[in-house]
Amino acid sequence: MNKGKTGFARIVAATFYSWKGFVAAYKFEAAFRQELAITIVGFILAVFLSENGIEFLLLVVPLLLILLAEMVNSAIESAIDRFGGEQHELSARAKDMGSATVFVALSIATLCWVVILGEKYFFS
């Protein structure tokens with residue numbers, strides 16, 4: 001992919017490949033589209049609900065973490081599916097761990113939102 005490229009040309013090529021990854025995630029992964037919608041709504045809500053930059057980051061960064069985990073999970077699933085449809089314990093384990101990664105990211109985001117908004121609106 002980037003072999004032979006150095007400096008600015010490598011950065012441009014890497015950016016292009018990253019963009020292709022975002023497009024593929026959006027085009028082929030329904031879960032990514034759903035989580036992207038949640039992230040966009042969450043970003044807008046965070047703009048209005050946060051009182052400072054730190055609070056904003058503590059609301060938005062976990063949402064980005066969900067997208068990150070989903071793309072890694074999708075990459076794992078795609079790589080495994082590339083090798084065929086036969087069942088294998090290691091393939092199932094890898095897919096399950098990828099799914100668990102998304103679950104942990106969702107849990108982190110939920111915890112951040114509940115604690116920050118709960119402290120602000122319900123427990124103060």
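In the protein, 61% of the contacts (heavy atoms within 4.5 Å) between residues at least 6 apart in sequence join residues at least 24 apart. The model is a predicted one, in which local features need pLDDT of at least 70 and side-chain atom pairs count only at pLDDT 80 or more, while totals for chains, interfaces and linings use all residues. Residues are numbered from 1 along each chain as its sequence is written, and side-chain values use heavy atoms, with hydrogens and water left out.

The protein contains four helices and zero strands, where helices are DSSP runs of H or I with at least four residues and strands are runs of E with at least two, numbered from the N terminus. From the N terminus on, the order is α-α-α-α. The radius of gyration, taken over C-alpha atoms, is 18 Å, well over the 14 Å that the globule rule (2.2 Å times the number of residues to the power 0.38) gives for 124 residues, so the protein is more spread out than a compact globule. The C-alpha trace spans about 55 × 40 × 20 Å along its principal axes.

Buried residues, those under 20% relative accessible area with a 1.4 Å probe and protein chains only, account for 24% of the 124 residues.

Among the buried residues of α4 are Gly98, Val102, Ala105, Ala109 and Trp113. The buried residues of this helix pack against α2 (30-49) and α3 (53-82).

Methods. Buried < 20%, exposed > 50% of the residue type's maximum accessible area, 1.4 Å probe, protein only.
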